[in-house]
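Subject: Structure handover

Hello,

Here is the structure I promised to pass on. Please open it first, then read the notes below.

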Amino acid sequence: MHSILIKDTTREQREQIVRDSLGEDYDVGCGYDSTGIDYQLYIDGKKELRELNAEARCGFEVAHPEERKNGCGMV
């Protein structure tokens, strides 16, 4: 597997990574309502995928404390 880090990819590659991950129904650049994650930040080179996923996990744990396991791990 190739690196998906921003420093190792072009914008076009990041768009394709998001499309491949989310399927054909995801329209890059048209919002993120279905996932709750703003993947445009990754595509634009502003945040790594791991950061976006960690933030989403924290948001879920705050919204659903009854399902919390070990905490979100973000400081």
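A residue is called buried under 20% relative accessible area, exposed over 50%, and partly exposed in between (1.4 Å probe, protein chains only). Helices (H or I, at least four residues) and strands (E, at least two) are DSSP runs, numbered from the N terminus.

Some ground rules. This is a predicted model, where local features need pLDDT of at least 70 and side-chain atom pairs count only at pLDDT 80 or more, while totals for chains, interfaces and linings use all residues. Residues are numbered from 1 along each chain as its sequence is written, and side-chain values use heavy atoms, with hydrogens and water left out.

Overall picture

The chain has three helices and zero strands. Its pattern along the sequence is α-α-α. Of its 75 residues, 25% are buried. The accessible surface (Shrake-Rupley method, 1.4 Å probe; for residues, only the protein chains shown count as cover) is about 5600 Å². Carbon and sulfur atoms hold 49% of that surface.

Contact means heavy atoms within 4.5 Å. Among contacts in the chain with a separation of 6 or more, 38% join residues 24 or more positions apart.

Confidence

pLDDT is the predictor's confidence in each residue, from 0 to 100. The chain averages 77, and 60% of the residues score at least 70. Among the elements, helix H2 (residues 40-43) has the highest mean pLDDT, 93. Helix H3 (residues 49-63) has the lowest, 76.

Helix H1

H1 covers residues 11-22, twelve residues in all. From first C-alpha to last, H1 reaches 17 Å. That is close to the expected 16 Å at 1.5 Å a residue, where the expected span is 1.5 Å times one less than the number of residues.

Which residues of H1 are buried? They are Arg 14, Glu 15, Ile 17 and Val 18. These residues sit on the same side of H1 because they cover an arc of only 160° around the axis. The arc is that of the directions from the helix axis to the C-beta atoms. Glu 12 and Asp 20 are exposed, on the face turned away from the buried side of H1. Just after H1, Gly 23 takes a positive phi of about 90°.

The core

A nonpolar core is a set of buried Ala, Val, Leu, Ile, Met, Phe, Trp, Tyr and Cys residues joined through side-chain atoms within 4.5 Å. The largest one here has nine residues: Ile 6, Ile 17, Val 18, Ile 37, Tyr 39, Tyr 42, Ile 43, Leu 49 and Leu 52. H1, H2 and H3 are the elements that give two or more residues to this core. In soluble globular proteins, nonpolar side chains tend to be buried together.

Three residues to look at

Start with Leu 52, in helix H3. Leu 52 is buried, at 4% relative accessible area. Beyond its neighbours within four places in sequence, Leu 52 is in contact with Ile 37, Asp 38, Tyr 39, Leu 41, Tyr 42 and Lys 47. Its C-alpha lies 8.0 Å from that of Tyr 42, ten residues away in sequence.

Next, Arg 57, also a residue of helix H3. Arg 57 is partly exposed, with 42% relative accessibility. Arg 57 and Ile 37 are 20 residues apart along the chain, with 9.8 Å between their C-alpha atoms.

Last, Asp 38, in the loop between H1 and H2. Its relative accessible area of 24% makes Asp 38 partly exposed. Asp 38 and Leu 49 are eleven residues apart in sequence and 9.8 Å apart, C-alpha to C-alpha.

Best wishes
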